[in-house]
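I opened a new model today and kept notes as I went. Here they are, in the order I looked things up.

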Number of protein chains: 2
Amino acid sequence: MSFEDAIPDYIARVDTVLARTLPAADVEPTRLHEAMRYATLNGGKRIRPLLVYATGEVLGIDAAHLDAPAVAVELIHAFSLVHDDLPAMDDDDLRRGKPTVHRQFDEATAILAADALQPLAFEVLAGPEGGDAAGQLTMVHVLSRACGSLGMTGGQAIDIESEGQRISGDTLRRMFELKTGALISAAVLMAAARVPDLAADQHAALERYAHRIGLAFQIRDDILDVEGDTETIGKPAGSDVAHDKATWPAIFGMDAAKAECDKLYAEGLDALSGFGANAVPLQVLAELIVRRKM
Amino acid sequence: MSFEDAIPDYIARVDTVLARTLPAADVEPTRLHEAMRYATLNGGKRIRPLLVYATGEVLGIDAAHLDAPAVAVELIHAFSLVHDDLPAMDDDDLRRGKPTVHRQFDEATAILAADALQPLAFEVLAGPEGGDAAGQLTMVHVLSRACGSLGMTGGQAIDIESEGQRISGDTLRRMFELKTGALISAAVLMAAARVPDLAADQHAALERYAHRIGLAFQIRDDILDVEGDTETIGKPAGSDVAHDKATWPAIFGMDAAKAECDKLYAEGLDALSGFGANAVPLQVLAELIVRRKM
């Protein structure tokens, strides 16, 4: 089966494992567990888990060895969205067409549900049935760095600080590398950690691919915020402008944003050249990321 | 040197490693890093790191192998305090006699600073210079479980839900086991994970000790909230009553709270009997916890 045809199966797969990993909604504290499930089992695009499985196909890793990193990276993504939406942050009411967690539950529950999603990601990675300890430990290290102040959370801090400010193109790029790129890279590099003897040049090629695609992903998000409609993207279109957010179109213009997205896409594909025909799954995802409408 | 005399050295030790582990305040994003340092390097009692080092003394582990879990457990503790103090949670203005993080900085920075402290704990545990991978992985597993919805964060959720409610004594005990006990136990059991061939009965004895002392710690907190003064405990005395919190004195009465604390202390010491004279460091900490004035 082509990777493109397998995408719905992979999405169903990670959704199934997520549903099994999250504590059931009738386990105490029930309201917290309901909120954790609501935040995670919500029809997300699962781009990051797909990157884990696609990297696995490129490197010839059995999907069964990739469920843990696929679930872990999505739990971290879900955690970050819940906190991003809070009143003290972006103060958003809608996420994927449904009330945000603090709207559906309450603010304290939203804060705590996200706080509990984060360690669950590391618990999944460090599970006793996880395979080789060294590879598991590398995954924990990769993901924890990607979450922290020099990764996703640091990028979010720069984003919040930049609202209403004029920032330089360099700062914008750095913000995107952290806010979005760090977790995209972690998805790819956690899968790579499952191959103990991966050649250094293959590791570097995957790193370069993930860097370019992570940036392209965020620029595409900015473009969609301007050009998409609320129904399709599942959150209010134009919310970046409304928040006076620093975005690629706002700083460089829409044409430059689209050109940069195309350039990063081409560089991402170029990075994969050494993998030959095996690279198809990551090529497919790169195209999906730069062409997506939502 | 007796463990009691070594306590100031251990506190200085963990403070030094914390200061080195946290990104410097002049590293971008600077405001986030300032807040992370403010939240952590604040003259805390470092009870949890002391439990790590004390367990290490009992089991004959070199302190150099315990800095990572000592720092990790304190980073998690610091993270939890920042979120507990938020307006949507306990809405506290003072912590250890100083403005809480959201008061000193702002709410968004407080949310994000704590969000970045949590993964730093796992990054420290999973570091490439960490010794044996299997032991490191066990530490990640122990700490991540202790943080999550069936540990500390779950306990905090029950605490918030119980405000203004009548809850049963059983629910209160369960809340304390999660909210405070889980992290206390993690401190002890992470140190234990440094001994690959630890006998099962020794592991069970340490688990029982930590369980009793964790409960006693929280009951002592409740007692101090009633009997302590604001200056000594560093936060407003009587804040539990003001928040209509479920506490041991409120539900069982003050005399019963003190009796339970003494009983748990005795049971904690009893659990250590198999360690003979080696148990002294953990005995000293148990006494410190049930007798403390702050």
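**Entry 1: one helix.** I began with helix 3 of chain A, which is mostly covered: twelve of its 13 residues are buried. I count a residue as buried if 20 or more other C-beta atoms lie within 10 Å of its own, as exposed if 12 or fewer do, and as partly exposed in between, with C-beta atoms placed from the backbone. Helices (H or I, at least four residues) and strands (E, at least two) are DSSP runs, numbered from the N terminus.

This is a predicted model, so I use local features only at pLDDT of at least 70 and side-chain atom pairs only at pLDDT 80 or more, while totals for chains, interfaces and linings use all residues. Residues are numbered from 1 along each chain as its sequence is written, and chains are lettered from A and ligands numbered from 1 in the order in which they are written.

The buried residues of helix 3 of chain A include A:Ile47, A:Arg48, A:Pro49 and A:Glu57. What covers them? The cover includes helix 1 (3–21), helix 4 (67–84), helix 9 (169–192), helix 10 (200–227) and helix 15 (280–291) of chain A.

Helix 3 (residues 47–59) of chain A reaches 18 Å from its first C-alpha to its last, close to the 18 Å expected. The expected span is 1.5 Å times one less than the number of residues. Just after this helix, A:Gly60 takes a positive phi of about 75°.

**Entry 2: the whole chain.** I found 15 helices and two strands in chain A. The radius of gyration of chain A is 18 Å, close to the 19 Å that the globule rule gives for 294 residues, so chain A is as compact as a globular protein of that length. That radius is taken over C-alpha atoms, and the rule is 2.2 Å times the number of residues to the power 0.38. Of the 294 residues of chain A, 54% count as buried.

**Entry 3: two chains.** I looked up the contacts next. 42 residues of chain B are in contact with 42 residues of chain A. Contact means that the C-beta atoms of two residues, placed from the backbone, lie within 7 Å. Which helix of chain B gives the most to this side? Helix 6 of chain B does, with eleven residues. 100% of the interface residues of chain B are also interface residues in chain A, so the copies meet through the same surface.
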